[in-house]
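Please look through the structure shown here.

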Amino acid sequence: MIAPAIHMAGSLHAGGRCLIEAFDLTLPAGRWSALLGASGVGKTSLLRLIAALPCAARLDGRITAQDNAAIAPRVAMMAQDDQLLPWATARDNVTICARLRGERPQPDRAAALLADVGLAGHETRKPSQLSAGQRQRVALARTLYEDRAIVLLDEPFSALDAMTRHTMQDLAAGLLSGRTVVLITHDPAEAIRLADSAWIVTRTGVDPCPLPPTAPPRAPEAATTLTAQAALLQRMRLHLASEAA
Amino acid sequence: MIARAARGLWRAAVPVLVTLAVWQAVVSLSGVPRFILPGPGLVAQSLWDNAALIWQNTLWSASNLGLGLVIGIALGVETALLLALSRRARWLLRPMLVLAQAIPAFALAPVITLWLGYGMPSKIVTIALVTYFPIASALFDRLMSLPAGLSDLSRLSGAGRWRETLLLRLPHAVPGLLSGLRLAAVYGPLAVLIGEWVGASQGLGHLMLMSNGRGQTALMFAALIALSGLSLSLWIAVEALSRWSEKRLSFA
């Protein structure tokens with residue numbers, strides 16, 4: 001598995017309105033890229049377009065992988081809503097994508113991945129018997145089971161409480177390293193913790209943000225992290241003010 | 001468990017006892033002749049005296065109901081699956097289904113009896129027809145309303161339509177099937193009655209008509225009670241099935 005860089009350029013439209021006027025974005029290979037911005041700005045649309053999923057917005061432009069091969073078959077996705085099957089056990093949820101393709105599921109591999117995300121012994125539990133954090137862990141294990149080079153994360157941790165979110169961020173950073181990860185978030189702290197590069201998505205384009213020189217996942221209590229976080233928040237506020245004007 | 005069953009029984013017993021008391025009071029106070037409204041005692045007596053006759057007719061109606069339901073459910077499930085799997089089938093069949101639904105299936109009972117005679121086939125067809133539509137439409141609606149997240153998951157996995165239907169849509173649609181079944185449990189006994197009223201040589205509906213014609217009002221009431229018992233057992237069975245499967249599939 002070689003994780004490719006993704007290049008996207010053009011303008012984004014929805015319902016006869018321009019969402020993003022012109023942008024040119026290269027998401028580096030095998031790294032975490034964070035896209036920040038106000039809700040409704042089109043972040044999720046960008047993600048859906050990368051995955052070639054049905055999308056209300058239309059891109060005038062192109063999305064290509066650095067190796068020019070198709071992107072969608074190499075994508076796994078994780079969203080804020082865990083998208084687990086309520087009727088299936090944790091293990092069956094982890095293997096669902098393989099079963100949907102008609103492949104023979106590998107229960108041992110599923111169990112190993114569940115152990116990796118800290119759910120050893122929970123293989124036969126159903127989503128209703130798990131906490132929100134545990135359900136999101138199952139979703140992460142399902143994403144890992146797919147073993148795709150490109151992983152799209154649409155605010156996957158924003159519905160979790162602060163402590164759980166912190167643990168999940170560490171876990172995801174470790175388990176998804178080496179893949180091209182695109183993280184949609186509205187949380188500057190999350191972007192600063194996890195991203196190798198970050199952009200603020202606005203109506204006029206994408207604004208690259210400076211990040212601390214250390215490698216992610218960055219310690220949330222480090223002075224450089226906190227300073228960068230404050231600077232990023234300030235930058236997002238300025239964008240919001242100029243959009244409103 | 002036993003305490004719960006006892007409480008349930010008690011809750012069911014209260015309205016029944018109240019109804020019996022009011023019924024007896026109306027009969028005693030108004031002095032209505034017994035061929036207009038027999039008292040509960042007379043009806044119970046008739047139920048006892050004609051137990052064999054009532055049981056035999058109940059069996060007949062129940063077997064019609066059972067067969068009709070099985071056929072209606074099987075056809076309904078098959079139609080819903082076909083519509084969910086094939087865009088062409090949807091395009092062709094959906095308008096036909098909507099049109100067919102506009103004709104009240106009960107109104108077809110005389111026509112069906114005309115074509116298929118007084119025996120079992122006409123009853124089974126009427127019951128199947130009446131239960132078919134609620135099953136097909138409730139199941140189909142739910143098959144087509146897969147949550148967006150699961151739809152994304154299926155698309156990203158590269159799932160085919162068959163596997164998506166089998167592994168995602170069908171389990172998701174079980175509550176739809178159950179609400180269709182609940183409707184079928186209500187319409188089914190009605191269809192039995194109407195089928196037998198239109199023309200039959202056996203069954204509880206037939207027994208009601210016969211006893212009414214002969215002025216055996218108490219027997220008519222006894223048959224009515226047997227029919228209610230039949231409906232109630234069906235309803236309880238469907239309710240138990242719903243609870244069990246909703247719990248098993250963790251929808252509740």
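**A helix across the sheet**

Helix H1 of chain A (residues 43-50) lies across strand E3 (32-36), E5, E6, E7 and strand E8 (197-202) of chain A, and runs at about 155 degrees to E6(A). Helices (H or I, at least four residues) and strands (E, at least two) are DSSP runs numbered from the N terminus; contact means heavy atoms within 4.5 Å; axes are lines fitted to C-alpha atoms, for helices over the stretch in contact, with angles from 0 to 180 degrees between N-to-C directions. The model is predicted, with local features needing pLDDT of at least 70, side-chain atom pairs counting only at pLDDT 80 or more, and totals for chains, interfaces and linings using all residues. Residues are numbered from 1 along each chain as its sequence is written, chains are lettered from A and ligands numbered from 1 in the order written, and side-chain values use heavy atoms, without hydrogens and water.

The open sheet has six strands in the order E5-E6-E7-E3-E8-E9 (chain A), with mixed pairing; strands pair if DSSP finds at least two bridges between them. Its edge strands are E5 (75-79) and E9 (205-209) of chain A. Strands E6 (150-154) and E7 (180-184) of chain A run parallel, joined by five bridges, and A:Leu153 has A:Leu183 as its bridge partner in E7(A). Helix H5 of chain A (132-146) lies across E5 and E6 of chain A, at about 175 degrees to E5(A).
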